[in-house]
Amino acid sequence: MSLKYIHNQIMPYQKSFYLFIYYIVFTVFVCLVFSSLATSFENSGKLEDDLTEQSFQLTVTKEQSPSVTVKEWLDTVRKKDDSFLVMKRDASYVSKEIFLQNYPFRLASDKKIEGLPNQSAFVDESYKQNFNEDSGKPSLRAFGKVYTVYATFNNPNDSLRMNSTIYYTMNQKAKFEGDFLIDGIEKKKLQEVVHTFQMQHEGVDLELTSNQLSLMERITFVFKEQMILLIVLMLTLILILINTIATIITWIESRKEEIHIRYMVGGSYQRIQWGLLKDYWFIIFSSFIIGTIIAYAIYQIQLFDTLIHTFRFDAVLYTFIFCFVLGTSIAYPSIRYYYQTHIVKKERKR
């Protein structure tokens, strides 16, 4: 038995092994990148202060100088709804004013709060070391005032805009101007409140917008946050596409004797193609399983923790679909091309 014969027998399995290793590396890379992108996109939909997707932003400007107070606005809202939340943004994200009307402050609890007492505040637990005792209750001095700590909360800071650390009772005597966040009221009701209030106060201009980012804004956010990964992904995909075509053609050529024998014994093109695709899909599926396990292990040991912060099982599904579609879309025409150029043409020449 010659070495050439042994080499010809081993060659198809060797090329299949190369393809198997190739798809393992491909799966690891794509799985980790997709996990990071999916998490970034999900975070772009999380709103600050744990507000719901039905929350709105109200921008108040004054063309003249009418003496309109926050209380007048709140009284108008109360006539339409008895359960809602209103916040006012400060110049920084450190704190916000808050008004609750039979509504929960979700960062602290899902329990509805009838109303927040005057000079009270929700405070991030990281401020606990700064608490004082005032009449047996914890208090915190901030912004030149002393606030009774109504409740504390763990700040997840997992939204696009950072959550504040202190939420204190809204000053209802203050002028009604600036940016407000409103949650708990249906859009139609809120639009009616805005219209009614503007009719009553002609010098006040109210602009109501959704607090939820649009799809394009969320995609833009993901692109900016994951720019390095996306650039690497694009460059890698170009190289992968070139290498995948070359690898698949080499794999098909390593099985030319098998293809020719099947053709000679009466195998149709469809049966030969189906047989090769089944083998190819088996390689993709088995390498995908091993690649996913390796990707999860890399995440667990935090090998690339500066770029990869999470591992998502829904991203595993996206990875499989991506690998399967990409591989099949290249393998199918490659098999057809090889069959036409190496089998059909040769038979026509005879």
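**Strands, salt bridges and a patch**

Modeller: Let's start with the strands. This is a predicted model. Strand S8 (residues 137-142) runs antiparallel to S9, and four bridges join the two.

Colleague: Which residue of S9 is the bridge partner of Ala142?

Modeller: Lys145.

Colleague: And how many residues sit between the strands of that hairpin?

Modeller: Two. Phe143 in this hairpin takes a positive phi, near 55°.

Colleague: What about S9 and strand S6, parallel or antiparallel?

Modeller: Parallel. Strand S6 (residues 120-124) pairs with strand S9 (residues 145-153) over five bridges. Within that pairing, Asp124 has Phe153 of S9 as its bridge partner.

Colleague: Where do side chains point in a strand, as a rule?

Modeller: In a regular strand they alternate between the two faces of the sheet.

Colleague: New topic. How many salt bridges does the structure hold?

Modeller: Eight. Take Arg312 and Glu42 as one of them: their closest N and O atoms are 2.4 Å apart.

Colleague: Where do those two lie?

Modeller: Glu42 is in helix H1 (residues 3-44). Arg312 is in the loop between helix H7 (269-300) and helix H8 (313-349). The pair therefore ties together parts that are 270 residues apart in sequence.

Colleague: Is Arg312 buried or exposed?

Modeller: Buried. Its relative accessible area is 18%, and the cut-off for buried is under 20%. Glu42 is partly exposed, at 36%.

Colleague: What else does Arg312 meet in a salt bridge?

Modeller: Asp314. That one is 2.7 Å, N to O. Asp314 is partly exposed, with a relative accessible area of 27%.

Colleague: Which residue forms a salt bridge with Lys80?

Modeller: Glu192, with the closest N and O atoms 2.8 Å apart. Glu192 lies in helix H3 (residues 187-200), and Lys80 lies in the loop between helix H2 (70-78) and strand S2 (84-89), so this pair ties together parts 112 residues apart in sequence.

Colleague: How accessible are Glu192 and Lys80?

Modeller: Glu192 is partly exposed, at 31% relative accessible area. Lys80 also counts as partly exposed, at 38%.

Colleague: Now the surface. Which residues make the nonpolar patch?

Modeller: Phe223, Met227, Ile231, Leu235, Ile238 and Ile242. Together they make a patch of about 590 Å².

Colleague: Which helix gives the largest share?

Modeller: Helix H5 (residues 227-253), with five residues. Phe223 is found in helix H4 (residues 215-225). Phe223 is partly exposed, with a relative accessible area of 45%.

Colleague: Last thing. What's the mean pLDDT of the chain?

Modeller: It is 80, and 83% of the residues reach 70 or more.

Colleague: Which elements have the lowest and the highest mean pLDDT?

Modeller: Helix H6 (residues 256-264) has the lowest, at 68. Strand S4 (residues 103-104) has the highest, at 93.

Colleague: And where does pLDDT stay under 50?

Modeller: Over residues 1-13. The model has five contacts beyond four places in sequence for that stretch.

Colleague: How should I read coordinates where pLDDT is low?

Modeller: Not in detail.

How values were computed. Residues are numbered from 1 along each chain as its sequence is written. Side-chain values use heavy atoms; hydrogens and water are left out. Patches are made of residues with over 30% relative accessible area and no salt bridge: like charges are joined within 9 Å, nonpolar side chains (Val, Leu, Ile, Met, Phe, Trp, Tyr) within 5 Å. Accessible areas come from the Shrake-Rupley method with a 1.4 Å probe; for residues, only the protein chains shown count as cover. A salt bridge is a side-chain nitrogen of Lys or Arg within 4 Å of a carboxyl oxygen of Asp or Glu. Buried means under 20% relative accessible area, exposed over 50%, partly exposed in between (1.4 Å probe, protein chains only). pLDDT is the predictor's confidence in each residue, from 0 to 100. Contact means heavy atoms within 4.5 Å. Two strands pair if DSSP finds at least two bridges between them.
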